[in-house]
Amino acid sequence: QVQLVESGGGLVQAGGSLRLSCAASGRTASVYVMGWFRQTPGKEREFVAAIMWRGDITSYADSVKGRFTISRDNAQNTVNLQMNSLKPDDTAVYYCAGLRVGTWSLARNYDYWGQGTQVTVSS
């Protein structure tokens, strides 16, 4: 099992920045990709970004390209999401997730999930 704990959410004005972190523990060697998803009430969980746990390949949703950057620190077992130029539409609960195999952008493929952290962007 892998345990994931997110931190760094909060309230920010439009145009501002936030940095989310996800601390991983447990059997992290089984993880192939770490991803970030977000969800608003009544909607499905939406892919935001993902990164190979032992490589440099990344993937982003079109809606966040050029504004968000995903990175990882294997020594610290953390994955970070730097969010710049935030918009009110970015308001959501953000989840960190771990994938063993499968398509990176599909939430149903992920095996491990954090509890989520709220990000609120005011206009």
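Predicted model: local features only at pLDDT ≥ 70, side-chain atom pairs only at ≥ 80, totals over all residues.
Local features need pLDDT of at least 70 and side-chain atom pairs count only at pLDDT 80 or more, whereas totals for chains, interfaces and linings use all residues. Residues are numbered from 1 along each chain as its sequence is written, and side-chain values use heavy atoms, with hydrogens and water left out.

View 1. Strand β8 covers residues 78–83, strands being DSSP runs of E with at least two residues, numbered from the N terminus. Because five of its six residues are buried, β8 is largely enclosed by the rest of the structure; buried means under 20% relative accessible area with a 1.4 Å probe, protein chains only. Strand β3 (residues 18–26) runs antiparallel to β8 and is joined to it by six bridges, and β7 (residues 68–73) also pairs with β8 in the antiparallel sense over six bridges, where pairing requires that DSSP finds at least two bridges. Met-83 in β8 stands opposite Leu-18 and opposite Phe-68.

**View 2. The hairpin of β7 and β8.** Four residues lie between the two strands, and Asn-77 takes a positive phi near 55°.

**View 3. Thr-78 in strand β8.** Thr-78 belongs to β8 and counts as buried because its relative accessibility is 18%. Leaving aside residues up to four places away in sequence, Thr-78 touches Cys-22, Ala-23, Trp-53, Ser-71, Arg-72 and Asp-73, contact meaning heavy atoms within 4.5 Å.

Definitions and conventions
Buried < 20%, exposed > 50% of the residue type's maximum accessible area, 1.4 Å probe, protein only.
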